[in-house]
Amino acid sequence: MEIFTQQLINGLVLGSIYALVALGYTMVYGILELINFAHGEVTMIGAMVALTVIGALVGLNPELPGLIVVLGGVLVAIPACMALGFAIEKVAYRPLRHAPRLAPLITAIGMSIILQNAAMLIWGRQYVSFPPLLPQERHEILGAHITDLQIFIVVLSFAIMGGLWLLVERTRLGRAMRATAQSKEVAQLMGVNVDRIISATFIIGSALAAIAGVMVSAYYGLAHYYMGFMLGLKAFSAAVLGGIGNIAGAMLGGLLLGVIEALGAGYIGDITGGFLGSHYQDVFAFFVLIGVLVFRPSGLLGERVANRA
């Protein structure tokens, strides 16, 4: 029972991060019907920028409180990723908006590789450590343990997801985003600046990616120029699981995928009689992706967009 509870907690933490990244995929797909495969690399850039700033602040004043230092890194990483997301849409996707679907798909993969290589040139091939600045006190719940950092990640993720939900459902920008997702032509006739809304979608998704990047690097204590690849694939799987194009589906898919992965990692040794270990946890995301595509291609909540696509 303790193992189940512990893996459930771990899964919720991972799922919260996956959900934030998945939102970036699903918002772009909902409006452009484009899979932005460079989104995982935006997450990586957010982590790397934050760690650079954190390292600089620690070097300048080692006495600064850890939370202030990390907050400084986040506050620089968010606008950096927002500018990157805006530039990616402007340079790589907007000129191909009316091209056959294969063209922007190839461009997205190419942009992903370009960002990986740019990060490798800037930060090198080695792993970058996240300094132990955040509280790591452990608390016991039903025999399992949860740290302050895990609580912080889950609470902040849910707060951000709630804020995004309110933005989309209750604000003028959100109404314009939903109108653009329904029909760009009709939205334009109604006075919506479609180009601006699409740019705003990339910018918002990139801001979420920056926060998720800092979260995942703080959780694992490491960042790497290649970390966005696997994180992006898992978040994409989460978006497909929930129903890509559906914001609530991305949140649900992220949380479910995190729990499935954590429970799978905890019990895969027992299931296979010790043949496979917990380091095979990554395969569960792809099993989920294949299973959803075979048995429910529209995902759990994604009927409308999947049918349109």
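I looked up the salt-bridge network and found E89, R94, R97 and D195 linked in it. I count a salt bridge when a side-chain nitrogen of Lys or Arg is within 4 Å of a carboxyl oxygen of Asp or Glu. The model is predicted, so local features need pLDDT of at least 70 and side-chain atom pairs pLDDT 80 or more, while totals for chains, interfaces and linings use all residues. Residues are numbered from 1 along each chain as its sequence is written, and side-chain values use heavy atoms, without hydrogens and water.

I searched the whole structure and got five salt bridges.

I checked D195 with R97: the closest N and O atoms of this salt bridge are 2.5 Å apart. D195 is in helix α8 (residues 194-220) and R97 in the loop between α3 and α4, 98 residues apart. Helices are DSSP runs of H or I, at least four residues, numbered from the N terminus. D195 is partly exposed at 34% relative accessible area, and R97 is partly exposed at 22%. Buried means under 20%, exposed over 50%, partly exposed in between (1.4 Å probe, protein chains only).

I then took K234, which forms a salt bridge with E261, the closest N and O atoms being 3.2 Å apart. K234 is in helix α9 and E261 in helix α10 (residues 247-271), 27 residues apart. K234 is buried at 6%, and E261 is buried at 0%.

I also looked at S237, in helix α9 (residues 227-242). S237 counts as buried because its relative accessibility is 1%. Leaving aside neighbours within four places in sequence, S237 is in contact (heavy atoms within 4.5 Å) with L257, A285 and L289.

Notes. Helices (H or I, at least four residues) and strands (E, at least two) are DSSP runs, numbered from the N terminus.
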